[in-house]
Amino acid sequence: MSLTCVAGLGVSGTAVARVLAERGERVVVVEAAQGERRLAAAAELARLGVETRFGAMVLPEGVTRLVTTGWAPHHPLIAAALDAGVEVVGEVELAWRLRPAQAAPWLALTGTNGKTTAVRMLTAILLAAGHKALAVGNVGVPVVRAVAEPYDALAVELSSFQLHWSSTLAPHAAAILNVAPDHLDWHGSMEEYAAAKGRIYERAKTVIFNADDPEATRLAAPYPKAVGFTLRVPKPGELGVVEDLLVDRAFVGDPAEAAEELATLEDVRPFAPHNVANALAAAALARSLGVPSEAVSRGLRDFVPDPHRLSHVDRIGEVDYIDDSKATNPHAAAAALASYPSIVWVAGGQLKGADVDDLVRQAAPRLRGAVLLGVDRGQIAEAIARHAPNVPVVDIADRETGVMERVVAEAARLASPGDTVLLSPSGASLDMFANYPARGEAFARAVHELRQRRDRGR
């Protein structure tokens with residue numbers, strides 16, 4: 001009997017091991033760290049006959065397939081498998097291969113930013129249309145757990161890591177929201193990163209792309225019947241915006257002459273240009289499945305945004321405080337900065353090799369001040385000095401737990417009535433926080449404490 005090695009005991013790795021064991025396959029899991037959660041997962045899998053090997057990243061003898069949940073090709077375990085001629089597949093690719101007959105169609109999307117918002121919008125639209133649907137993939141629910149269930153459609157969020165290890169994936173429709181430099185340490189270059197994103201199109205029945213994004217447009221160019229979405233007035237074959245309406249000129253009887261109203265801008269929450277683009281992408285994917293226009297508007301109204309994505313924390317002294325901690329790269333921060341006219345910017349963290357020069361240059365007219373923290377804050381400070389030399393900058397070197405209290409206090413000092421204090425860091429959080437939600441929660445707590453101090457001082 002063949003032997004499958006699963007790389008890691010994370011959420012997806014545990015799901016893969018369980019599904020394969022329940023199918024009667026031989027499985028061994030390799031995991032570097034133990035920890036309470038991983039030991040519990042290993043004990044649970046052991047009852048299904050799955051062996052877990054903690055410690056050294058050594059390829060088990062006799063392995064015929066390795067399933068990775070996003071590990072890079074240069075990881076020692078993956079490299080050893082590739083050198084040995086062992087097939088390496090991702091969890092998403094495995095899920096695709098395990099689909100039963102008459103499986104639910106996949107509506108897949110990827111992008112540097114906006115993936116989770118768009119896939120949740122898509123799920124809300126599908127549910128509004130009466131479909132049994134689920135958001136899976138990079139959104140947090142392993143695809144391999146859902147493929148055997150009787151869904152009408154799966155809304156599949158795919159990262160570049162997952163796409164890198166997918167070779168036969170053929171979704172009903174596939175969309176790329178945007179492509180900007182990110183995860184270059186994993187992929188090795190921007191070219192490789194973009195190529196991984198482009199794999200989502202290779203076998204898709206319907207190709208959908210952001211016509212306002214140059215790289216997404218380039219990746220869709222080989223597909224002559226691709227459907228674009230745009231924040232401009234749509235051309236035939238596109239979805240777009242006409243005054244305050246989201247309009248479809250692609251999935252209609254006569255795209256040259258006809259258009260169909262899908263929703264209004266007021267239906268998009270939180271309202272921001274990049275969220276309108278997310279809504280158009282979700283609508284296009286749903287329309288490819290024949291979803292009626294009224295379900296698009298109802299689904300967008302039903303959609304509840306995830307935390308830490310332009311979340312309004314409070315309004316204090318005519319200053320709004322916004323938590324956009326999910327903005328872990330410059331492209332995401334640029335979208336947030338473009339959403340407000342007058343900003344005190346809270347930024348910093350791990351830039352992962354990304355350049356912030358263009359980001360700061362574009363945002364400079366909107367900046368009224370900046371409070372910088374984190375390991376790479378100096379790079380942002382240098383860019384502000386070049387492109388916005390008159391903008392006051394507060395450098396916070398402290399990296400202790402309570403640092404956000406000082407950050408918010410300094411931001412409040414710089415802000416004037418009508419300004420927005422925007423946490424949109426442009427970098428990852430792991431230099432100071434457990435993750436980006438922890439960073440956003442620390443910001444929100446500090447804002448609430450500021451509110452309490454102000455109220456006590458009245």
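**Figure 1. Ala41 sits in helix α2, which spans residues 35-46.** The model shown here and in the other views is predicted. Ala41 has a relative accessible area of 8%, under the 20% cut-off, so this residue counts as buried. Leaving aside residues up to four places away in sequence, Ala41 touches Leu9 and Thr14. Met57 lies 16 residues from Ala41 along the chain, and the C-alpha atoms of the two are separated by 18 Å.

**Figure 2. Leu134 belongs to strand β7, residues 133-137.** Is Leu134 buried or partly exposed? Its relative accessible area is 24%. Buried would require a value under 20% and exposed one over 50%, so Leu134 is classed as partly exposed. Residues that Leu134 touches are Thr123, Val141, Ala146, Tyr151, Ala153, Leu154 and Ala155, with residues up to four places away in sequence not counted. Between Leu134 and Arg120, which are 14 residues apart along the chain, the C-alpha separation is 8.9 Å.

**Figure 3. Helix α5 (residues 115-128) crosses helix α10 (residues 273-288).** Two packed helices are described by the angle between their axes and the distance between the axes. Here the axes come within 8 Å and cross at roughly 45°. That angle makes α5 oblique to α10. The crossing of α5 past α10 is right-handed. On the α5 side, the contact involves Thr117, Ala118, Met121, Leu122, Ile125 and Leu126. On the α10 side, these meet Asn275, Asn278, Ala279, Ala282, Ala283, Leu285 and Ala286. Sorted by class, the residues in this contact are 10 nonpolar, three polar and no charged.

**Figure 4. Helix α15 (residues 403-414) crosses helix α16 (residues 436-456).** The two axes come within 8 Å and cross at roughly 60°. The helices α15 and α16 are therefore oblique to each other. As α15 passes α16, the crossing is right-handed. From α15, the contact is made by Met404, Glu405, Val408 and Ala412. From α16, the contact is made by Arg439, Ala442, Phe443, Ala446, Val447, Glu449, Leu450 and Arg454. How many residues of each class does the contact of α15 with α16 have? There are eight nonpolar, no polar and four charged residues.

**Figure 5. Helix α12 (residues 330-337) has buried residues along one face.** The buried residues in this helix are Pro330, Ala332, Ala333, Ala336 and Leu337. Looking down the axis of α12, these residues fall within an arc of 160°, so they line one face of the helix. An α-helix has 3.6 residues a turn, so residues three or four places apart point the same way. The elements that cover the buried residues of α12 include α10, β17 (343-347), α13 (357-363), β18 (367-372) and β20 (420-423).

**Figure 6. Helix α14 covers residues 377-387 and has buried residues on the same side.** Which residues of α14 are buried? They are Arg377, Ile380, Ala383 and Ile384. Around the helix axis these residues cover an arc of only 125°, which puts them on the same side of α14. Among the elements covering the buried residues of α14 are β17, α13, β18 and β19 (393-395).

Notes: Residues numbered from 1 in each chain as written. Predicted model: local features only at pLDDT ≥ 70, side-chain atom pairs only at ≥ 80, totals over all residues. Heavy atoms only, no water. Axes fitted to C-alpha atoms, helices over the stretch in contact; angles between N-to-C directions. Helix = DSSP H or I, 4+ residues; strand = E, 2+ residues; numbered from the N terminus. Parallel < 35°, antiparallel > 145°, perpendicular 65-115°, else oblique. Left-handed = near helix turned anticlockwise from the far one by under 90°. Contact = heavy atoms within 4.5 Å. Nonpolar A, V, L, I, M, F, W, Y, C, P; charged D, E, K, R; others polar. Buried < 20%, exposed > 50% of the residue type's maximum accessible area, 1.4 Å probe, protein only. Arc of directions from axis to C-beta.
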